[in-house]
2 protein chains.
Amino acid sequence: MTAQPKDSSARRGTPDATRRNEASRRAIVTAAFELVGEVGYAKLSIEGIAARAGVGKQTIYRWWPSKGAVLFDAFLMFTGDQAPALPDTGDLEADLKTVLRATVEELNDPRFDEPMRALNTEILHDPALAAVYAERLDGPMKELKKQRLRAAQRAGQLSEAVDLDVAIDLLWGPLLNRWLQRSGPLTSGYADAVVETALNGLRPHA
Amino acid sequence: MTAQPKDSSARRGTPDATRRNEASRRAIVTAAFELVGEVGYAKLSIEGIAARAGVGKQTIYRWWPSKGAVLFDAFLMFTGDQAPALPDTGDLEADLKTVLRATVEELNDPRFDEPMRALNTEILHDPALAAVYAERLDGPMKELKKQRLRAAQRAGQLSEAVDLDVAIDLLWGPLLNRWLQRSGPLTSGYADAVVETALNGLRPHA
């Protein structure tokens, strides 16, 4: 039982070890994501994740301090890695409907519902995790949304006077809120209505 | 130890007993509300509530099946009982700013923050509680909001074409979402910007 570095440089250095590490990491975050959907966050455990991933507990603790941290990286892998730019067909209203309908589908997908509720529960009670989430997950997605909205401003389809953070909240906030609080049906029709109402505003039109 | 009705009609019938019951109920829900703010929902217990309220555990179990149910009634007492109609000065924009600024103040109030996060955590994971919340707490508040918006429609300040449920989500959703996800500063300036942007819409104005 001699003291050793957590990750020996001999193993870390070789391409094979790097590939093995990468495969283990993927197995672990995939297991965490699947398990939280099956048993819920309260019953998610490092033991359970290790068993599902076919690794030892120590392998998980070598890379992550907690189950919340594993789950967070799972979200980064499943959503962050593949976050594409928003569509730009030149028609802001149509593009926003496409994106918000996709958001509705994802929120209604049972594979995502429980893991995302688990993540949101953690964020609700953990300001530090909320800050990491804002920086690493929500931030990059928000930047892609802003890019599309700036293009719409240049095309004369979005007011130059609008604060883009407020615009994003107005478009996505109602959907997220309806999902989190289960305050009404979350349908593609609702997504369309949010887009139309946000674009047109609540005031009467002359 | 003979079987007895949970609340004997002899006691229930007298005015004194009714007053005592009412005082006990108030003490219990007040204790639950205070305690959840101090220790968080996970550590809230019926024992703790009973000790704080100066009653026996059985007194609580006589009226409520769980700590979640006690907390829910606390919210009804503190917010539902006193929910007033929205102000109507004849100026929709000014009135909405008044109301949303008050919402921001409440969400930022440490006395409400933790109990409301606890309630929202329960709603997030409990569809049955979400339904009760929608019916007993959110529903009546939503009706008051709709009354104000209908008056605005009659006064020509709100489009007749707008779905009032969508309008409410567009106005309150961003605030709730920013509070729940801690995704940005929750200030009176933000409340004003949400009202202005929702009323004017995102499109450029001619």
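Me: Is Phe33(A) buried or exposed?
Reply: Phe33(A) has 9% relative accessibility, so it counts as buried. Buried means under 20% relative accessible area, exposed over 50%, and partly exposed in between, using a 1.4 Å probe and protein chains only. Bear in mind that this is a predicted model, where local features need pLDDT of at least 70 and side-chain atom pairs count only at pLDDT 80 or more, while totals for chains, interfaces and linings use all residues. Residues are numbered from 1 along each chain as its sequence is written, chains are lettered from A and ligands numbered from 1 in the order in which they are written, and side-chain values use heavy atoms, with hydrogens and water left out.

Me: OK. How many aromatic pairs are there over all chains?
Reply: Six. Rings of Phe, Tyr and Trp (its six-membered ring) pair if their centres lie within 6.5 Å; planes under 30 degrees apart are stacked, over 60 edge-to-face, and the rest tilted. One of the six joins Phe33(A) and Phe75(A): the ring centres are 5.4 Å apart and the planes at 65°, so that pair is edge-to-face.

Me: Which helices do Phe33(A) and Phe75(A) lie in?
Reply: Phe33(A) is in helix 2 (residues 15–39) of chain A and Phe75(A) in helix 5 (residues 67–80) of chain A, so the pair ties together parts 42 residues apart in sequence. Helices here are DSSP runs of H or I with at least four residues, strands are E runs of at least two, and both are numbered from the N terminus. Phe75(A) is buried too, at 3% relative accessibility.
Reply: Phe33(A) also forms an edge-to-face pair with Phe112(A), 5.7 Å centre to centre with 75° between the planes. Phe112(A) sits in helix 7 (residues 110–125) of chain A, 79 residues from Phe33(A).

Me: Zooming out, what's the secondary structure of chain A?
Reply: It comes to 10 helices and zero strands. Buried residues make up 48% of the 206 residues in chain A, and its C-alpha atoms fill a box of roughly 80 × 35 × 25 Å along the principal axes.

Me: How many residues of chain A are in contact with chain B?
Reply: 46 residues of chain A touch 46 of chain B, where contact means heavy atoms within 4.5 Å. About 4,200 Å² is buried between the two chains, with carbon and sulfur atoms giving 58% of that. Buried area is the accessible area (1.4 Å probe) that two parts lose on being put together, summed over both. Leu124(A), Gln181(A) and Leu202(A) supply 19% of what chain A buries against chain B, more than any other three residues.

Me: Over to chain B. Where does the charged end of Arg178(B) sit?
Reply: Over the ring of Tyr190(B), 3.7 Å from its centre. Arg25(B) has its charged end over the ring of Trp63(B), 5.3 Å from the centre. The rule is NZ of Lys or CZ of Arg within 6 Å of the ring centre and within 35 degrees of the ring normal.

Me: Last one: what's phi of Arg182(A)?
Reply: Near 50°, a positive value in a residue other than glycine. Most residues other than glycine have a negative phi. Arg182(A) lies in the loop between helix 9 (164–181) and helix 10 (188–200) of chain A, and is partly exposed at 27%.

Me: And what about phi of Arg182(B)?
Reply: Arg182(B) has a positive phi of about 50° as well. Its place is the loop between helix 9 and helix 10 of chain B, and at 25% relative accessibility Arg182(B) counts as partly exposed.
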